[in-house]
Amino acid sequence: MTGQQLSYAYAVIRSPGAAAQATHEQLADLRGVAGAPVTLVRSGALAAAVSEVPGEEFSESALKSRLEDLDWLESTARAHHLVIETLAARVTVLPLRLATVYLDESRVERMLSERQQPFAELLDRFDAHVEWGVKVYAEVPPASEPATPSAAPGSSTADGAPGRAYLRTRRQHRQAHEDTRRAAEEAVRRTEERARGLAVERSRHRPQQGTLADARGENLANDAYLVPRDLAAEFRERMLHAADDLPGVRVEVTGPWAPYSFATPAEGARQR
């Protein structure tokens, strides 16, 4: 696909209308993925924010390897997020999945035409709502360095029993780990309880592990909540204090975001 340009779709909004026109004007100076200008493709009551991307980088075959390149992935995700958050500051948005690419704008228009009703229903559901992310971590203190039995053969510890200090330290660390984990589980229960009456929906994500777990501690809960905008401040405050008296537990609250976790991926994405 050398030289061919594809259409990258970021989000769906309502169109036409004064808000959509204002959004169109706001997008005039915005650059999306690959530094391309962002425009609107309209169909009926909906519009999609799109920009051109190079086929040699965003074709289906190229994306298979690109999505494993963390630097490329981070750069693309930042540009994708910037466009969606710029739109979300003005209008209700339905974010599309990262790297949703079509052959051209006519395919985007057709996708909008075919999904008018479900997209409109989602936009109605997202009106005046924002997403908050809530993660709960257990931060177990690192084990101290006990003297191992093999490291000090025949030596005596304070209580005169070789190896006993090592075993005692191991037990203490194991107990600390169990206590902290129980406290974190209590924090998870509290966040769920405190969300009731404020959040209208919850989306549970898999706790982060491996290369995605760059934060300290063990991630026990990784949830997203859809919250009415006028209750957002109260929701954040409740979550921030969910672990106040729980040592070794950290609650991380992020947002407000566009409703990424509650948007159904568009059918027909990556059509070729």
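## The sheet

An open sheet is built from 4 strands in the order 6-7-5-8, with antiparallel pairing; strands are DSSP runs of E with at least two residues, helices are runs of H or I with at least four, both numbered from the N terminus, and two strands pair if DSSP finds at least two bridges between them. Strand 6 (201–205) and strand 8 (249–257) each have a single partner strand and stand at the edges, so one side of each is left without a neighbour in the sheet. Neighbouring strands are turned by 20° against each other on average, direction ignored, where axes are lines fitted to C-alpha atoms, for helices over the stretch in contact, and angles run from 0 to 180 degrees between N-to-C directions.

Strand 5 (residues 129–138) and strand 7 (residues 218–228) run antiparallel and are joined by 10 bridges, with G133 standing opposite A224 in strand 7.

## Helices on the sheet

Helix 7 (residues 164–195) packs on the sheet and touches strand 5, strand 6, strand 7 and strand 8, its direction making about 10° with that of strand 7; contact means heavy atoms within 4.5 Å. Helix 8 (residues 232–240) lies across strand 5, strand 7 and strand 8, and runs at about 5° to strand 5.

## Helix 4

At the start of helix 4, a side-chain oxygen of D69 reaches to within 3.1 Å of the backbone nitrogen of D71. Buried residues (under 20% relative accessible area, 1.4 Å probe, protein chains only) in helix 4 include W72, T76, H80, V83 and L87.

## Basis of the values

This is a predicted model, in which local features need pLDDT of at least 70 and side-chain atom pairs count only at pLDDT 80 or more, while totals for chains, interfaces and linings use all residues. Residues are numbered from 1 along each chain as its sequence is written, and side-chain values use heavy atoms, with hydrogens and water left out.

Conventions:
Buried < 20%, exposed > 50% of the residue type's maximum accessible area, 1.4 Å probe, protein only. Polar contact = N/O pair within 3.5 Å; in protein donor to acceptor, adjacent residues only side chain to side chain.
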